[in-house]
Amino acid sequence: MTTGPSTSAPLSLTTPVQFLKGVGPQRAELLAKLDLHTAADCLFYFPRDYQDLTDLQSVAELEPDKLVRLRGTVVEIDQRGNYTGKSRIGVLVQYGEGAAADYIRCLWFNMPHMRKRFEHGQQVIVSGKAKKNGTRWEFSHPRVQWLEEQEPADVDRKILPVYGLTEGLGQLPIRRAVQTCLEGAAGQLDEVFPPDFLAAHNLMPLREALPAIHFPADRDQLERARRRFVYQELFILQLALAVRRLKLQVDGSAPQLEATAKIDARIRRLLPFALTDGQEQAIKEIAADMERPYPMNRLLQGEVGSGKTIVAMYAVLTAVAHGRQAAIMAPTEILARQHARTLGKLLSESRVRWTTLVGGLGTAERREILRQIKQGEVDVVIGTHAILQEDVEFAKLGLVVVDEQHKFGVRQRAKLRQAGQAPHSLVMTATPIPRSVTMTMFGDLDVSTIRDAPPGRMPVKTYLADDEQRDKWWAFVRKKLREGRQGYVIAPLVEGKDDPDDDRASVMRTFEALANGPLEAFRLGLLHGRMTNEEKEAAMAEFATGKTQILVATTVVEVGVDVPNAVIMTIEGGERFGLSQLHQLRGRIVRGNHPGFCTVFAKPGTPDGLKRLEAFVASTDGFELAEMDFALRGPGDLLGTKQHGLPPLRIAELVRDAAVVEEARADALALVGQDPGLVKPEHDRLRKQMFKRYGQVLELGDVG
Ligand code: ADP
Ligand code: MG
C-alpha cells in the first residue's frame with residue numbers, strides 16, 4: 001500500500017521520499033538503506049552504470065574479435081564441473097524470434113557463482129568479443145547487463161540508468177522516484193557555479209545536467225553531463241585542499257631555519273658524493289620553505305633509488321644547525337635503522353646527537369630515550385610510528401621527515417603537526433602514484449620531484465620464469481655471487497599451509513631448499529616479520545656488510561632498503577604481489593653501479609595476473625606501472641580516498657578522470673589565489689559546499 005499526501009502535492013527538495021508518488025513507507029525504508037531520504041538525495045543519486053540500447057548489433061553483423069553488443073533472451077543454462085573444482089558455465093542466448101532466431105553461447109570458466117545470476121527468459125545485453133566455434137559464435141567472459149521490464153514511459157528511451165540497489169528493491173521504483181523528483185523538484189536547485197564560470201569551463205548547467213545524467217538522450221549528452229558532475233566534485237575537493245594549504249601557511253608559525261652559506265658549506269662537506277641536478281633542485285625548494293616563518297608542507301617524490309634520503313638529511317642537518325630537533329619517521333623498523341646507519345656515517349665526525357625510537361623497547365630504555373628527547377639532549381630522533389605516541393615530547397622540534405608513507409594521509413599528518421609547535425614537514429615517497437592521485441592525497445602539499453638518477457646507474461633486466469628454468473637461473477645466480485655480488489630472494493609467506501603452491505611462496509621452505517640445494521655453497525641470511533627486533537637487525541646488518549651473500553626475506557625489505565652491492569632479485573610466488581609492490585621490490589637492486597637481474601617465478605592463474613606480470617617485465621617506469629596497477633585493480637583500492645581520511649568520491653574516479661583532476665586543481669588554485677576566503681558573493685555556494693563536505697575532515701575551521 002502506498003499512502004501519503006495527495007500525489008499532486010508540490011514537491012520540495014526536502015520532501016521525504018516516502019511521499020513520492022509510488023514510494024510509501026515500505027519502499028522508503030529500503031531507500032533509506034541507500035541513504036536516500038529526501039527528494040534532493042534522489043536527484044544526486046547518480047547511476048552507477050547505464051544500459052545502452054543504441055547501436056546494438058545483430059548476429060549477422062558479428063566479426064571475429066571485434067567488440068560488439070547484442071540483445072537477446074536467455075534460453076539455456078548449463079554447468080560443467082570436475083572434481084578439482086574447475087568449472088564451466090554456458091549460457092545460450094537467443095537473438096531474434098521464430099524462424100529468424102540465431103543463438104550465441106556465453107562461457108565462463110571457473111566462475112561457478114555466475115550460474116546463480118541467470119534464469120530462463122531473462123533479457124540481456126551481452127558485450128564482448130566473439131569467436132566462431134564451428135557454426136556458433138561464442139563469447140568467453142562477456143559483460144552482461146540484465147534488462148528489467150520497462151516502464152511504459154521508458155520504451156522510447158535508448159539509454160537507461162542503472163542504480164546501485166539494495167535487497168528487495170528493483171531498478172524501476174528508483175527510476176520512477178528519480179523521475180518524479182526531476183519533474184517536481186529539480187527546478188528548485190541553485191547552480192553552484194557562477195554563469196561565466198560555467199561558460200569559461202565548458203560545463204553543462206545544473207538544470208540541464210541533472211536530467212541528462214539520469215536519463216540521457218544520447219551518449220554525447222551523457223558524457224557532457226557526467227563531465228559536469230565529475231568536475232564539480234573534483235573542483236570542490238581541490239578547493240578544500242587549496243584552502244587548507246593556505247590556512248596552514250597563515251595559521252602556523254614555524255621557526256625560520258635558513259640554510260645560510262655557512263651552514264650549507266658545513267653540510268656539504270659531510271656528503272659522500274656530488275648531488276644530482278634533481279637533488280640540488282629539491283634542496284633549493286626545501287631550503288626556501290624552511291627559512292619562512294610558517295611550516296613547510298612538502299612532498300618529495302622520486303623513483304626508487306633516486307636518492308631522496310640525502311636530500312632529507314640536508315634538511316635535518318639544517319634544522320640541527322639552528323639548534324632545533326628533527327624527527328625522521330619510517331614505515332618499518334628495518335628502514336628506520338638503515339636511516340640511523342646512514343646518518344651515523346655522515347655524522348661520524350660531528351657532535352650531532354641522535355637516537356632511534358622504535359616499538360618493543362624495554363621500559364627503562366624507552367623512558368630514558370623519551371627523557372633525552374624532552375630535555376633536548378638528542379638532536380635527531382629516527383624511528384617508526386612509535387614517534388607518534390602521545391608521551392613523546394620534543395623540547396624544540398623543528399622538522400619532521402616522513403619517509404615512504406604513501407598511506408600516511410591528510411589525517412595522520414594533522415596528528416604530527418599537533419605533536420610539536422608547528423615543525424616543518426617533509427613527506428617522501430617512491431611509491432609511484434598516478435599524478436591525479438598525488439594531487440588528491442597530497443593535494444595540500446607542495447611537491448618536489450627528483451626525475452634523474454644518480455650517475456652510473458645500470459639497467460635492470462626482468463624475466464618471468466617457470467619451474468623449468470629454475471636450474472638455469474640458480475646457475476646464473478651462483479656465477480654472480482662468485483663475482484662478488486649479492487642478492488635477494490623474496491617469498492610472500494613466512495610459512496605455508498600444506499599446499500605445494502604455498503610451499504614455493506614460503507620464506508622458510510625457500511630458505512631450506514636453497515641452503516640444501518642450489519645455493520648450498522653460499523652464505524644465506526633469513527629475514528621475516530616473525531623474528532625478534534634483534535634478530536632482524538642482525539640479519540640486515542650481516543647482509544649490508546656482505547657477511548651474508550643472499551638474503552631470503554619476506555616483503556619486510558620491500559621499501560627503502562639500500563644495499564648497493566645487491567643486484568640479483570628472485571621473486572617467488574610472483575602472482576601474489578601487486579604491480580607497484582613488484583616494482584618496489586625490483587627497486588632494491590637499482591642502487592649500485594652493476595646491472596641488475598630480476599626473475600619472477602609465478603603461476604599467473606588469472607588473465608589479469610598474467611597481464612600484471614607481463615607489464616612488470618615490459619616496463620621499468622614506476623609511474624606507468626602504477627597507472628596500469630590502478631587500472632587493473634579498479635578504483636578505490638589501495639590508495640582510494642578512504643585511505644587518507646577523505647570521504648569517498650561519488651562520481652569521479654581519480655585515474656579515469658585524471659585530466660579533469662588536473663583541470664580542477666589548476667582552476668581551484670586560481671580561484672583561491674583571486675579570492676582566498678571565497679568571500680565574494682558569487683562564490684558563496686562554492687564555499688558552503690566545500691565546508692559541508694570537507695570542513696571537518698580537513699579542519700578548515702568555522703563555517704564562514
Ligand atoms: P631512495 O630515493 O629510493 O630513497 P636512496 O636515498 O636510498 O634512494 O639512494 C639510493 C642509493 O643511491 C644510495 O645508496 C645512495 O647512497 C646513492 N646515492 C644517492 N644520491 C647519490 C648521488 N648523487 N651520487 C651517487 N650515489 C647516490
Ligand atoms: Mg628511500
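In which helix is the place of Lys262? Lys262 is in helix α7, which covers residues 261-270. Helices (H or I, at least four residues) and strands (E, at least two) are DSSP runs, numbered from the N terminus.

The model is predicted: local features need pLDDT of at least 70, side-chain atom pairs count only at pLDDT 80 or more, and totals for chains, interfaces and linings use all residues. Residues are numbered from 1 along each chain as its sequence is written, chains are lettered from A and ligands numbered from 1 in the order in which they are written, and side-chain values use heavy atoms, with hydrogens and water left out.

## Overall architecture

The protein contains 22 helices and 21 strands. Its C-alpha trace spans about 85 × 70 × 45 Å along the principal axes. Of the 704 residues, 53% are buried; buried means under 20% relative accessible area, exposed over 50%, and partly exposed in between (1.4 Å probe, protein chains only). Contact means heavy atoms within 4.5 Å. Among contacts between residues at least 6 apart in sequence, 73% join residues at least 24 apart.

The accessible surface comes to about 32,500 Å², and carbon and sulfur atoms account for 50% of that surface. Accessible areas come from the Shrake-Rupley method with a 1.4 Å probe, and for residues only the protein chains shown count as cover. The mean positions of the 92 positive and 91 negative charges lie 2 Å apart. In this count Lys and Arg are positive and Asp and Glu negative, while His and the chain ends are not counted; the place of a charge is NZ of Lys, CZ of Arg, CG of Asp or CD of Glu.

## Surface patches

Lys262, Arg266, Arg269 and Arg351 form a positive surface patch. Patches are made of residues with over 30% relative accessible area and no salt bridge, like charges being joined within 9 Å and nonpolar side chains (Val, Leu, Ile, Met, Phe, Trp, Tyr) within 5 Å. Lys262 counts as exposed because its relative accessibility is 64%.

A nonpolar patch of about 180 Å² is made by Leu464, Leu610 and Val617. Leu464 is in strand β16, residues 460-465, and counts as partly exposed at 32% relative accessibility.

## Salt bridges

The structure holds 35 salt bridges, each defined as a side-chain nitrogen of Lys or Arg within 4 Å of a carboxyl oxygen of Asp or Glu. Examples are tabulated below.

| Acidic residue | Basic residue | Closest N and O atoms |
| Glu483 | Lys480 | 3.3 Å |
| Glu653 | Arg656 | 3.4 Å |
| Asp684 | Lys688 | 3.0 Å |

Glu483 is partly exposed at 40% relative accessibility, whereas Lys480 is buried at 13%. Asp684 and Lys688 both lie in helix α22, 4 residues apart, about one turn of the helix. An α-helix has 3.6 residues a turn, so residues three or four places apart point the same way. Asp684 is partly exposed at 25% relative accessibility, and Lys688 is partly exposed at 48%.

Glu653, partly exposed with a relative accessible area of 28%, belongs to a network of salt bridges that links Arg226, Glu653, Arg656 and Asp657. Arg656 lies in the loop between α20 (622-633) and α21. Leaving aside neighbours within four places in sequence, Arg656 is in contact with Arg226 and Ile651. The C-alpha atoms of Arg656 and Glu627 are separated by 9.7 Å, with the two residues 29 apart along the chain.

## A buried lysine and a covered helix

Lys536 is found in helix α17, residues 533-544. Lys536 is buried yet has no salt bridge, and the nearest side chain of opposite charge, Glu333, is 4.9 Å away. Not counting residues up to four places away in sequence, Lys536 touches Ile334, Leu527, His528, Gly529 and Met531.

Helix α18 (residues 579-586) is mostly covered, with 7 of its 8 residues buried. Among these buried residues are His583, Gln584 and Arg586.

## Positive phi values

Most residues other than glycine have a negative phi. Asp55 has a positive phi, near 50 degrees, and is found in the loop between β1 (49-52) and β2 (67-81). Leu678 also has a positive phi, near 50 degrees, and lies in the loop between α21 (658-674) and α22 (684-694). Are these residues buried or exposed? Asp55 counts as exposed at 65% relative accessibility, whereas Leu678 is buried, with a relative accessible area of 0%.
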